[in-house]
Amino acid sequence: RHGNPATQATAVQAVPGRGVQGEGDGRQWRLGRADFAGGGVDDGALWLGDGTGAGARFTLQERVRPDAAETLAALRAQGLQVHLASGDGQAAVDRMAATLPLDGIHARQSPEDKLERVRALQAQGRIVAMVGDGLNDAPVLAGADVSIAMAGGASLAHRAADLVTTGGSLARIPAAVALARRTHRVIRQNLAWAAAYNLLALPLAAAGLVTPWLAALGMALSSLTVTLNALRLARAPRAEDAR
């Protein structure tokens, strides 16, 4: 109320997928979805109430990150399908989908809904990578095959993720995918070289056709070849992670 000092909320508790609740001025207050705060049918807005009736309604509108469309296009160019699973209302998710290249959209997703969706994709043989930054994303980050948390996200999301970006740019995500694929190729090349070398060198050594000093030299050269091949990863194009 105007002119009165701000009331400090106590016993604050987050209700995943619905909002937060706490006590203030001797009353129980809820801030979140309409059907949680007491504003009636969920309309995508943020409501403040006591659970039986609402006293305020807030309309929020999120802006698309400047690099979001470019990042999603890059991921799709890498052969990935991109889905948006959000706790926001359908109208907000539809606005996002209208400007972004997405393969699927899912609104009003609770943490359990997101995790179930990931498990359904995994049951189809898909490898699922999850990107998130909120408290509600922690369960699904832990359940995905690969999970990436944004640098500015919640600490709980960071602990549940396999990777945490070092900056806020979404462009780091397709760069990480590209680097992972290049690393996988280099590992396979090194294993193939090591197997081929040993298949050739061991029979020659066993037959006495290779002297000890030549075998030692060959082993050193083989190790050097593997190391130099791995060092090619350090020459990745810097344009991918410059932002």
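Trainee: Why is Tyr 197 called buried?

Mentor: Its relative accessible area is 17%, and buried means under 20%, exposed over 50% and partly exposed in between, with a 1.4 Å probe and protein chains only. Tyr 197 therefore counts as buried. Before we go on, note that this is a predicted model, where local features need pLDDT of at least 70, side-chain atom pairs count only at pLDDT 80 or more, and totals for chains, interfaces and linings use all residues. Residues are numbered from 1 along each chain as its sequence is written, and side-chain values use heavy atoms, with hydrogens and water left out.

Trainee: Where is Tyr 197 found, and how far is Met 219 from it in space?

Mentor: Tyr 197 is found in helix α7; helices are DSSP runs of H or I with at least four residues, strands are runs of E with at least two, and both are numbered from the N terminus. Tyr 197 and Met 219 are 22 residues apart in sequence, yet their C-alpha atoms lie 8.8 Å apart in space.

Trainee: What makes Arg 181 partly exposed?

Mentor: Arg 181 has 35% relative accessibility, so it counts as partly exposed. Arg 181 also belongs to helix α7, which covers residues 172–206.

Trainee: Which residues form the nonpolar patch on the surface?

Mentor: Trp 213, Leu 214, Leu 217, Leu 221, Leu 224, Leu 228 and Leu 231 form it, with about 710 Å² of accessible area together. Patch members have over 30% relative accessible area and no salt bridge; nonpolar side chains (Val, Leu, Ile, Met, Phe, Trp, Tyr) are joined within 5 Å and like charges within 9 Å. A salt bridge is a side-chain nitrogen of Lys or Arg within 4 Å of a carboxyl oxygen of Asp or Glu, and accessible areas come from the Shrake-Rupley method with a 1.4 Å probe, counting only the protein chains shown as cover for residues.

Trainee: What makes Ala 11 stand out in its phi?

Mentor: Ala 11 is not a glycine, although its phi is positive at about 50°. Most residues other than glycine have a negative phi. Ala 11 lies in strand β1, residues 10–15, and its 57% relative accessibility makes it exposed.

Trainee: Where is Asp 25 found, and is it buried or exposed?

Mentor: Asp 25 is in the loop between β2 (19–24) and β3, and it is exposed, with a relative accessible area of 55%. Asp 25 also has a positive phi, near 55°.

Trainee: How do you know that β3 and β4 pair?

Mentor: Two strands pair if DSSP finds at least two bridges between them. Strand β3 (residues 27–32) and β4 have 3 bridges, in the antiparallel sense, and Leu 31 has Leu 48 of β4 as its bridge partner.

Trainee: What about β4 and β5?

Mentor: β4 and strand β5 (residues 54–58) pair over 4 bridges, also antiparallel. Gly 49 has Ala 54 of β5 as its bridge partner. Their hairpin has 4 residues between the strands, and Gly 51 takes a positive phi near 100° there.

Trainee: Which faces of β4 are covered and uncovered?

Mentor: In β4 (residues 46–49), Trp 47 and Gly 49 make up the covered face, while Leu 46 and Leu 48 are on the uncovered one.
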